[in-house]
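Trainee: Please take a close look at one helix for me. Then show me how the parts around it are put together.

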Amino acid sequence: HRRRMKRAAEGGRANASRTKISSAPGRTESKLAAFWREGKFTDVVVRAGGRDFPAHRIMLAAGSEYFAVRDCEKRFADSGRADIELPNISAEVFETILTYLYEGTCSCSADVLLDVAAAAQFLQAPQLVSQVCESITAGLSITNCVERLRFAELHNLPITVECEAAV
C-alpha cells in the first residue's frame, strides 16, 4: 500500500490511461443565460440608451475585449464599479448584443444591423462582428451597397466585396 502511494506521489501514474469527463455541451453557458434572464447573481449594470441592463461581468468579459480590459485595467475611472455607461449605444442595439453574448444567437431588423455591427466593433466582440458582417455582406444589393460599404469603412468593419465590372 505504501509503495502505491509513494509511486503515485512520484508520478508513477503518468502512463495510466486517462478518461475525459465533460458536461453536456453548453450546459454552463445555458445556466448563465438562465441566471441572466432571471436576474440572478448579476454583478454589473450596463446603461445604454437610457435603459439599465443587469449582467454578469464574466460573460461580458468573455465575449468582449472592451469589457475585459475595462474591468482589469486600473486606468479606467470606472473600472471595478457596478455601473458601466455606454452613451453611444442604443438600448435596442445593446440588448441584441447582450442576447448574443449570453445565448450565442440574436436577431434584429435590417435597420439595426449596421448599428449592431458598429457597436460590436466598438465593444471588441470579434465573433459577433464576424457574424454580423457576414449578414451585411449577404444582404448587399445594388441599392444599398454604397451606403453599407461606406458605413463599414467608417467603422473599420471587415466587409469586403468582390465586384466584376460590367462590360
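Mentor: Start with helix 7, residues 126–138. Helices here are DSSP runs of H or I with at least four residues, strands are E runs of at least two, and both are numbered from the N terminus. The expected span of a helix is 1.5 Å times one less than its number of residues. For the 13 residues of helix 7 that gives 18 Å, and the end C-alpha atoms are 18 Å apart, so the two agree.

This is a predicted model, in which local features need pLDDT of at least 70, side-chain atom pairs count only at pLDDT 80 or more, and totals for chains, interfaces and linings use all residues. Residues are numbered from 1 along each chain as its sequence is written, and side-chain values use heavy atoms, with hydrogens and water left out.

Which residues of helix 7 are buried? They are Leu128, Val129, Val132, Cys133 and Ile136. Buried means under 20% relative accessible area, exposed over 50%, and partly exposed in between, with a 1.4 Å probe and protein chains only. Seen down the axis of helix 7, the buried residues fall within an arc of 125°, so they line one face. That arc is taken from the directions from the helix axis to the C-beta atoms. Gln127, Glu134 and Ala138 are exposed on the other side of helix 7. The cover over the buried residues includes helix 5 (91–103), helix 6 (110–122) and helix 8 (145–154).

Rings of Phe, Tyr and Trp (its six-membered ring) pair if their centres lie within 6.5 Å; planes under 30 degrees apart count as stacked, over 60 as edge-to-face and the rest as tilted. The count comes to 6 aromatic pairs. In one of them, tyrosine 66 and phenylalanine 67 have ring centres 5.3 Å apart and planes at 80°, so the pair is edge-to-face. Tyrosine 66 also pairs with phenylalanine 122, tilted, at 5.0 Å centre to centre and 45° between the planes. Tyrosine 66 lies in helix 4 (residues 65–72) and phenylalanine 122 in helix 6, so this pair ties together parts 56 residues apart in sequence. Tyrosine 66 is buried at 15% relative accessibility. Phenylalanine 67 is buried too, at 2%. Phenylalanine 122 is partly exposed, at 46%. Phe53, Tyr66, Phe67, Phe94 and Phe122 form one aromatic cluster.

Now the strands. Strand 1 (residues 44–48) and strand 2 pair in the antiparallel sense over 5 bridges. Strands count as paired if DSSP finds at least two bridges between them. Alanine 48 stands opposite arginine 51 in strand 2. The two strands form a hairpin with 2 residues between them, and glycine 49 in the turn has a positive phi of about 55°.

Alanine 55 is in strand 2. Its relative accessible area is 0%, so alanine 55 is buried. Beyond four places in sequence, its contacts (heavy atoms within 4.5 Å) are Trp36, Thr42, Asp43, Val44, Leu60, Leu98 and Tyr102.

Last, confidence. pLDDT is the predictor's confidence in each residue, from 0 to 100. The chain has a mean of 77, with 68% of its residues at 70 or more. Where pLDDT is low, predicted coordinates should not be read in detail.
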